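Trainee: Could we go through this model together before I write my notes? I'd like to start with the packing and then move on to other things.

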Amino acid sequence: MSEPISPTAVPDTSDVAADLRSIVGRLRRRLREESGEHDLTPSQTAALGHLGRLGPATVTDLARAERMRPQSMGAIVAALEQAGLVTGTPDPCDRRRTLLDLTPQARERLAAHRAARQDWLHRTIATELDTGEQQTLANAVALLRRLVES
């Protein structure tokens, strides 16, 4: 990981990109550890998160959102159904399609995991960063938001 650069130096965007990718990956792993999501794969967690954020969806919708083949998402959904985390009902607009949704158990689980991640991140920011660093982090979050929304 690169050392902080001076305010007047022009950063090498390739180095910044490599560092950012590495740090985001480490942050994701740490948040996963803090939430106790060890029994689900990252793909299963992503599918549950999508359903939790956007509501019922078909296997094809989930596959598109996660940029994978519907057959691969079908296997993920089957495992989630077997675990009692996802249920399917016929689409009222097209009875040939199945709409997948979270079970009450999955909703409770997602809320608990989200709260655990949020709590750890909040405590860590509050205890490890001083006020100026917290403001710098808030500014960086705004910049990261711009990157992902572009």
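Trainee: Before that, what kind of model is it, and how are the residues numbered?

Mentor: It is a predicted model, in which local features need pLDDT of at least 70 and side-chain atom pairs count only at pLDDT 80 or more, while totals for chains, interfaces and linings use all residues. Residues are numbered from 1 along each chain as its sequence is written, and side-chain values use heavy atoms, with hydrogens and water left out.

Trainee: OK, which residues of the largest nonpolar core touch the most other members?

Mentor: That core has 17 residues, and L48, L51, L62, M73 and L80 are the ones touching the most other members. A nonpolar core here is a set of buried Ala, Val, Leu, Ile, Met, Phe, Trp, Tyr and Cys residues joined through side-chain atoms within 4.5 Å, where buried means under 20% relative accessible area, exposed means over 50%, and partly exposed lies in between, with a 1.4 Å probe and protein chains only.

Trainee: And which elements each supply at least two residues of this core?

Mentor: Those are α2 (42–54), α3 (59–66), α4 (70–82), β2 (98–102) and α5 (104–128), and α4 gives the most, with four residues. The helices (H or I, at least four residues) and strands (E, at least two) are DSSP runs numbered from the N terminus.

Trainee: What is L48 in contact with, leaving aside its neighbours within four places in sequence?

Mentor: With those neighbours set aside, L48 is in contact with L40, L80, L85, V86, L102 and L110, contact being heavy atoms within 4.5 Å.

Trainee: Which residues of α2 are buried, and what do they pack against?

Mentor: The buried residues of α2 are Q44, T45, A47, L48, G49, H50 and L51, and they pack against α1, α3, α4, β1 (86–90), β2 and α5.

Trainee: Which residues line the largest cavity?

Mentor: Its lining is made by E37, L40, T45, L48, A106, R109, L110 and H113. The elements giving two or more residues to that lining are α2 and α5, and α5 gives the most, with four residues.

Trainee: How many salt bridges does a search of the whole structure find?

Mentor: The search finds seven, a salt bridge being a side-chain nitrogen of Lys or Arg within 4 Å of a carboxyl oxygen of Asp or Glu. One of them joins E34 and R30, with the closest N and O atoms 3.0 Å apart. These two residues are four apart in helix α1 (residues 13–35), so about one helical turn separates them.

Trainee: Is D91 buried or exposed?

Mentor: D91 is buried, at 7% relative accessible area, and lies in the loop between β1 and β2. D91 forms a salt bridge with R97, the closest N and O atoms being 3.2 Å apart, and R97 is partly exposed at 36% relative accessibility.

Trainee: Last one: where is R67 found?

Mentor: R67 is in the loop between α3 and α4, and its phi is near 55 degrees, a positive value in a residue other than glycine. At 79% relative accessibility, R67 counts as exposed.

Methods:
On a 1 Å grid over the protein atoms alone, a cavity is a set of points where a 1.4 Å probe fits but cannot get out, and a pocket is an open set with protein on both sides within 12 Å along at least five of seven lines; lining residues have an atom within 4 Å of a point.
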